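Visitor: I should like to learn how to read strands and helices in a model such as this one. May we look at it together?

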Amino acid sequence: IPLGIEIFRQVWEFLATGKAQRLGITHIEVNLSMAQFDEDNPAAFVSEIMSKYQIKSSEINLEITETASQSTKMAVIRNMNKLIERGVYFSLDDFGTGRSNLDYFVEMPVNVIKFDYGFTQRYFKFEKAKFVMEHVIGLMHQMGMQIVSEGVETKEQFEAMKNLGVEYIQGFYFSKPLPQDEFIRFLENNQKKIAAE
């Protein structure tokens, strides 16, 4: 939990410089562990850090991953709603692994669904997976949700996901994970390419 809070602090500190926003970044996704939601008001530390660094709530999207018991899940939803009232958005991570199951998909107040790396890769290997993904994307869009597809590694995969209507792409096709300074240089060097795609 302390490590998770420190990661939050560093992300907010990075956003507070305004460098990423000036180069076209509209928001950054940050993983939030269910363990950080096991107290009465764990949303408090997120609110405190947001206030300290004066970050717009729209610049952060919090990713929920792990499953939880029914009682814990209700506490999670209560605290998610507190942050949603402040304008924070949530995404459901690792869809397609079994950890983010249909109960979470239906009950969690999320705006974005993230397809797991394996789920994305199976689309390119199995005909049945293509059928499933195409229909899941249609269902999610009908529910007003947006989609992130993880594990996109080639231009062909990128084009396929784009043609399916996937809104956001994550993967080595664009870049491997980078430290903050290298990330800013990457954005500076690739602005035209990113805007075009």
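This is a predicted model: local features need pLDDT of at least 70, side-chain atom pairs count only at pLDDT 80 or more; totals for chains, interfaces and linings use all residues.

Visitor: How many residues of strand β2 are buried?

Guide: In a regular strand, side chains alternate between the two faces of the sheet. In strand β2 (residues 60–64), 5 of the 5 residues are buried, so the strand is largely enclosed by the rest of the structure. I60, L62 and I64 lie on one side and N61 and E63 on the other, and both faces are covered.

Visitor: Which strands are joined to β2 by bridges?

Guide: Strand β1 (residues 28–32) runs parallel to β2 and is joined to it by 5 bridges; here I28 stands opposite I60. Strand β3 (residues 89–95) also runs parallel to β2, with 4 bridges between them. In β3, Y89 is the bridge partner of N61.

Visitor: Which residues of helix α1 are buried, and where do they lie around the axis?

Guide: The buried residues of α1 are G4, F8, V11, W12, F14 and L15. They cover an arc of only 160° around the axis, which means that they lie on the same side of α1. P2 and L3, on the other side of the helix, are exposed.

Visitor: What span should helix α1 have?

Guide: At 1.5 Å a residue, the 15 residues of α1 (residues 2–16) should span 21 Å, and the end C-alpha atoms are 21 Å apart, which agrees. After α1 comes G18, which has a positive phi, near 80°.

Visitor: Where is K155 found?

Guide: K155 belongs to helix α8 (residues 155–164). K155 is partly exposed, with a relative accessible area of 40%. K155 and Y173 are 18 residues apart in sequence, and their C-alpha atoms are 6.8 Å apart in space.

Terms used:
Residues are numbered from 1 along each chain as its sequence is written. Side-chain values use heavy atoms; hydrogens and water are left out. Buried means under 20% relative accessible area, exposed over 50%, partly exposed in between (1.4 Å probe, protein chains only). Helices (H or I, at least four residues) and strands (E, at least two) are DSSP runs, numbered from the N terminus. Two strands pair if DSSP finds at least two bridges between them. The expected span of a helix is 1.5 Å times one less than its number of residues. The arc is that of the directions from the helix axis to the C-beta atoms.
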